[in-house]
Structure formats: structure tokens, C-alpha cells
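Biologist: I am new to this one. Could you take me through it?

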Amino acid sequence: MADVLIQIVASGLTLGAMYAVATVGLSLVYGSLNMLNMAHGAVLTLGGYVCYAAMALAGLPAVLAFAVAAVVCGAVGFAIYFAAALPLLRSGNFETNIFIATIGIGSVIENLMLKAFGPYPIPQPLAVPGHLIVGGVHIPYQNLFILGVALALMAVVALLLQRTRTGRAIRATSMNRDAAQLMGVRVGKVYAQVLALSGALAAVSGIMISSIATLTPVMGGDPMLKAFIVCVVAGLGNVYGAVVAAILLGLIEAGTQYVFGVRWSFAILLLIVIVVLIWRPYGLFGRQQVVRL
């Protein structure tokens with residue numbers, strides 16, 4: 001029984017770590033711009049492919065490949081702001097328009113990757129060989145690497161939001177855009193920074209997911225859906241709640257897969273979403289009355 005519990009916890013923490021990195025970027029964008037970035041999954045996939053190209057084709061070491069992927073996807077986030085979000089912010093019905101626009105952007109990115117790399121799965125060269133034995137259970141170092149990277153990124157994001165001028169500007173803008181502007185915050189710059197940060201986080205998430213699976217042009221669909229589920233459960237726009245919810249849902253999914261089988265895991269997650277929406281429509285960590293900009 002102890003072996004089973006260790007296996008479930010190890011798998012659940014790995015899943016939760018991947019979901020957390022993917023979700024934080026999505027939640028930051030919604031909290032700041034009130035925008036559901038439906039291109040997030042495609043940007044995530046792009047990060048995996050850029051890392052693959054940097055390592056397998058350009059011969060760069062893993063650290064530089066990580067950095068290149070984060071910079072490229074951060075630049076894509078900037079481009080999404082200036083090409084789509086900024087023009088639509090000045091028009092009415094922003095939420096619906098940007099929702100549709102980012103679906104189109106995501107489709108374009110996916111098709112570009114399809115043309116460049118083909119439709120067949122490609123193994124990610126980033127791999128950490130070996131395993132750790134805990135209570136008779138073999139835990140791959142790859143899983144520990146993913147968990148470590150996720151924890152480090154969450155710590156960096158927390159420090160950014162709490163300790164830096166940029167982070168304070170992001171939090172002020174998410175609370176009240178007009179008040180932030182009156183205090184001298186350049187809201188447009190904050191929006192661009194948030195989308196760039198979201199893109200960089202998506203890149204890292206894509207690299208981690210593809211390192212234990214394979215790269216395909218449509219691999220971002222499932223993580224995007226799971227990230228959205230986590231956002232709904234935590235409360236849209238709640239970054240810290242999203243991290244906690246991601247870990248909890250990862251553990252629940254791992255336990256469900258062991259007890260009932262893989263095919264039931266997604267159904268259980270949807271059931272949790274339904275229960276949360278009925279019980280607390282604003283999420284487990286959300287506030288009942290929030291100002292959305």
C-alpha cells in the first residue's frame with residue numbers, strides 16, 4: 001500500500017507541476033487583461049519545438065535551449081499583444097473578440113509548426129537519465145527535474161509579483177486599471193509584459209510536457225484544457241490559487257488513473273469543475289465580487 005501511495009504522489013506532483021506552469025501564464029493574462037488567451041496551447045507547443053530545434057538541429061546545450069525557447073515564446077506573447085490585444089482593447093466587446101482572435105492565432109502557429117516539422121511525433125532530446133528508488137518505487141529523475149523546474153519558476157514568479165516594481169504594477173493593474181493609471185502605471189506596458197511572461201512560462205511548460213511524451217503540432221490542446229480547468233477551479237485570475245489547484249488536481253488525476261483507469265481521469269476532473277461551479281461559481285480561491293477590467 002505504501003508503494004502505491006508513493007507512486008500516486010510522485011505521478012500526481014509531476015502532473016501538477018506541469019499544469020501549474022501552464023496555468024500561471026493563463027491566469028496572469030486573465031487577471032490583468034480579462035482575456036482568455038486561446039493561443040496559449042499553441043505557444044506552449046512552439047516552446048517545445050524551439051527547444052528541440054535548438055538542441056537537435058543547432059546543437060545548443062539544454063540551458064541555452066531553454067532560454068531560446070522562453071525568449072522566442074515571450075516575443076510571440078509581445079506580438080499577440082500588439083497585433084491583436086491592443087487594437088481590440090480600443091473596441092467594444094473585447095472579451096469575445098480577443099477570444100476568437102487568439103483561436104485564429106493559435107491555429108496559425110499550429111499550422112506553421114505542421115509545415116516546419118511535419119505531423120509525426122518527435123522525441124524531445126531533453127532527458128535526464130536514471131531514477132531514484134523510494135520505498136521500492138522507481139521515480140525517474142526526469143520527473144524530479146520537472147518538479148524542481150516548476151517549483152523554481154513558481155518561486156521566481158512569486159518574487160516578481162511581490163518584490164519588484166513590475167510585479168506591483170501588474171497587481172495594481174489587475175485590481176483597478178483606472179486607479180493604476182492615475183498612480184502613473186503605464187498599463188499598456190504592463191499588458192505587454194504580462195503576455196510576454198505568459199509566453200515564456202508556456203514555453204517551459206511545453207518543454208517539460210514534451211520531455212515525458214513526444215512533440216506533435218497539436219500537443220498543446222490537452223494542457224490548455226487542463227490549465228483552463230485549473231483556472232476555473234481556482235478562480236479565474238487567481239495566480240496563487242491556480243498553483244495550489246494544479247497540484248491538487250494533479251494528485252486527484254494520478255489517483256483516479258490508478259483506481260479507475262486512465263479513461264476516467266478526465267471525466268473526474270470535469271465532475272470536479274461542475275461541483276465547484278455549483279458550490280462556488282467564483283472558484284475555490286476566488287472572491288465573490290471582483291472588479292474585471
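Here are some questions and answers on the fold and its charged side chains.

Biologist: What does the chain's secondary structure come to?
Modeller: This is a predicted model. Read along the sequence, the pattern is α-α-α-α-β-β-α-α-α-α-α-α-α. That comes to eleven helices and two strands.

Biologist: Which radius of gyration does the chain have, against that of a compact globule?
Modeller: The C-alpha atoms fill a box of roughly 60 × 50 × 35 Å along the principal axes. For 293 residues, a compact globule would have a radius of gyration near 19 Å. The chain agrees with that, at 19 Å.

Biologist: How many salt bridges are there?
Modeller: The chain has 14 positive and 6 negative side chains. Side chains of opposite charge can pair when their charged atoms come close. The cut-off here is a nitrogen within 4 Å of a carboxyl oxygen. By this rule the count is two.

Biologist: Which residues are linked in the network of salt bridges?
Modeller: K226 also meets E253 in a salt bridge, 3.3 Å from N to O. E253 lies in helix α10 and K226 in helix α9, so the pair ties together parts 27 residues apart in sequence. Both E253 and K226 are buried. The network links D222, K226 and E253.

Notes: Residues numbered from 1 in each chain as written. Predicted model: local features only at pLDDT ≥ 70, side-chain atom pairs only at ≥ 80, totals over all residues. Heavy atoms only, no water. Helix = DSSP H or I, 4+ residues; strand = E, 2+ residues; numbered from the N terminus. Rg over C-alpha atoms; globule rule 2.2 N^0.38 Å. Lys, Arg positive; Asp, Glu negative; His and termini not counted. Charge placed at Lys NZ, Arg CZ, Asp CG, Glu CD. Salt bridge = Lys/Arg side-chain N within 4 Å of Asp/Glu carboxyl O. Buried < 20%, exposed > 50% of the residue type's maximum accessible area, 1.4 Å probe, protein only.
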